[in-house]
Amino acid sequence: MPQKKMLKLATTLLAPASAHGTWKNTPIENFIHQPLSAYQKLIQTAEEGKLDFVFQPDRYAMLASPTDITYKNNLWLEPITLLTALLPCTSRIGLAATASTIYNEPYHIARMFASIDHLSSGRAAWNVVSSRGDFENINFGKTDLLPEEERAAYTEEFLHVVKKLWDSWEDEAVILNKREGIFADATKLHVTNHQGDYFDIQGPLSISRPPQGHPVIIQAGVSEHFKERAAETADIIFTMLPTLDIAKTFYKDVKKRLVTYKRQHHELLIMPGAQIIVGNTVEEAYQKKKHYEEQTIHLQAMQSTGRHASFIGTPQTIADEMAQWLHEEGADGFIFIPTVLPEGLDDFVHKVVPVLQQRGVFKKDYMNATLRENLGLLRPRNTHLS
Ligand SMILES: Cc1cc2nc3c(=O)[nH]c(=O)nc-3n(C[C@H](O)[C@H](O)[C@H](O)COP(=O)(O)O)c2cc1C
């Protein structure tokens, strides 16, 4: 019998609107003065709600100009460090960190994400970004940045090398036969020996193959070129789809591209961002939204960065809409972007998730050990063997 379609759900541990003023509504001081305990509470709430993963976006620069910081919150922590620190207080939820291909080397990325995957027994994901624009390179003294049109090819090669490095050791390479003193089977260790347009990397990696084979690969974008690249190489697309009609067109377009790469429909998950505001009545939810907007400086500027799907109403109306997106193929799931924290995440987990579970469109518990398995994604074959 075919398995019933279920939503995949994740949350960011950042409230981007707080950069524009809603920090006034929140106990922001906890995130600044006791960040470990404040973030621990968030991730534990997310795991209590059985969310598939937490997702930390990132930039390598402040978002506001120094003169803006009088009114705006522009503080956040580095995602890989943060998620690694949160690991011990979780056991099932996935951990997705953003890291740029422009400001890291493939060897850095391969070892950091392989390490998180081992430490979490297979719950790591990498959100691959290629840092557009000039506002970040000023922090690295880089004057020789690749032109925009070349960054996609650069990132493709970067990702290819990282996967080769993760595959340096075959799954069965480490033998640990103490009686005969045999640590590893040298025939199962692969030197990368990559010489391409952008990288010259010998390898191998000094870390055995990650439990998931490859940590889950997330890519964020919307453009034509992005869709093609993601269809070939991503496990999850994080994107901005403001309406169900736009989402259905995007979904169909991306999924049909999978055939070219001999991939099946379920091998790439489309998870648009979702802003969710919950009330006891629909009117109350819209009142809350209005209140947040009044707190928010330069809302227009915020929206001109694009618009995420928004679900505003009671737990029941929100669950109805989310289920509709799933059933009508607008999305495989959502990455929740709270407007205020911790309240927004508490509302989502304690009010909306139980309704989704009752309707049978979201799981009641984690069924598997690794993030890939929980998301229904295949464990990749070793690229040195295929
Ligand atoms: C929903 C969404 C979230 C993104 N998050 C980040 C991020 O956290 N950090 C970052 O550097 N770029 C981020 N990006 C930018 C993308 O990584 C990418 O550089 C950009 O979308 C270019 O892709 P395009 O070909 O679709 O224009 C995001 C893009 C989208 C659509």
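In which strand does F183 lie? F183 is part of strand 6, residues 182-184, where helices (H or I, at least four residues) and strands (E, at least two) are DSSP runs numbered from the N terminus. The model is predicted, so that local features need pLDDT of at least 70 and side-chain atom pairs count only at pLDDT 80 or more, whereas totals for chains, interfaces and linings use all residues. Residues are numbered from 1 along each chain as its sequence is written, and side-chain values use heavy atoms, with hydrogens and water left out.

F183 is exposed, at 53% relative accessibility (buried means under 20% relative accessible area, exposed over 50%, and partly exposed in between, with a 1.4 Å probe and protein chains only). Together with V174 and L176, F183 makes a nonpolar surface patch of about 290 Å². Patches consist of residues with over 30% relative accessible area and no salt bridge; like charges are joined within 9 Å, and nonpolar side chains (Val, Leu, Ile, Met, Phe, Trp, Tyr) within 5 Å.

The ligand is surrounded by 14 residues, of which P57, D58, A220, V222 and S223 are the closest; a residue counts here if one of its heavy atoms lies within 4 Å. A polar backbone atom of D58 is 2.7 Å from a nitrogen atom of the ligand. Oxygen atoms of the ligand lie 2.8 Å from a backbone N or O atom of V222 and 2.5 Å from a polar side-chain atom of S223. Of the 610 Å² of accessible area that the ligand has on its own, the protein covers 83% (Shrake-Rupley method, 1.4 Å probe; for residues, only the protein chains shown count as cover).

The structure holds 22 salt bridges, each defined as a side-chain nitrogen of Lys or Arg within 4 Å of a carboxyl oxygen of Asp or Glu. In one of them, R379 and D171 meet at 2.8 Å, N to O. R379 lies in the segment after helix 12 (371-375) and D171 in the loop between helix 5 (148-166) and strand 5 (174-177), so the pair ties together parts 208 residues apart in sequence. R379 is partly exposed, with a relative accessible area of 40%, and D171 is likewise partly exposed at 40%.

A salt bridge also joins R257 and E228, with the closest N and O atoms 2.7 Å apart. This pair links helix 7 (residues 244-257), which holds R257, to helix 6 (residues 224-233), which holds E228, across 29 residues. R257 is buried at 12% relative accessibility, whereas E228 is partly exposed at 27%.

Conventions:
A polar contact is a pair of N or O atoms within 3.5 Å; within protein, one must be able to donate a hydrogen and the other to accept it, and residues adjacent in sequence count only if both atoms are side-chain atoms.
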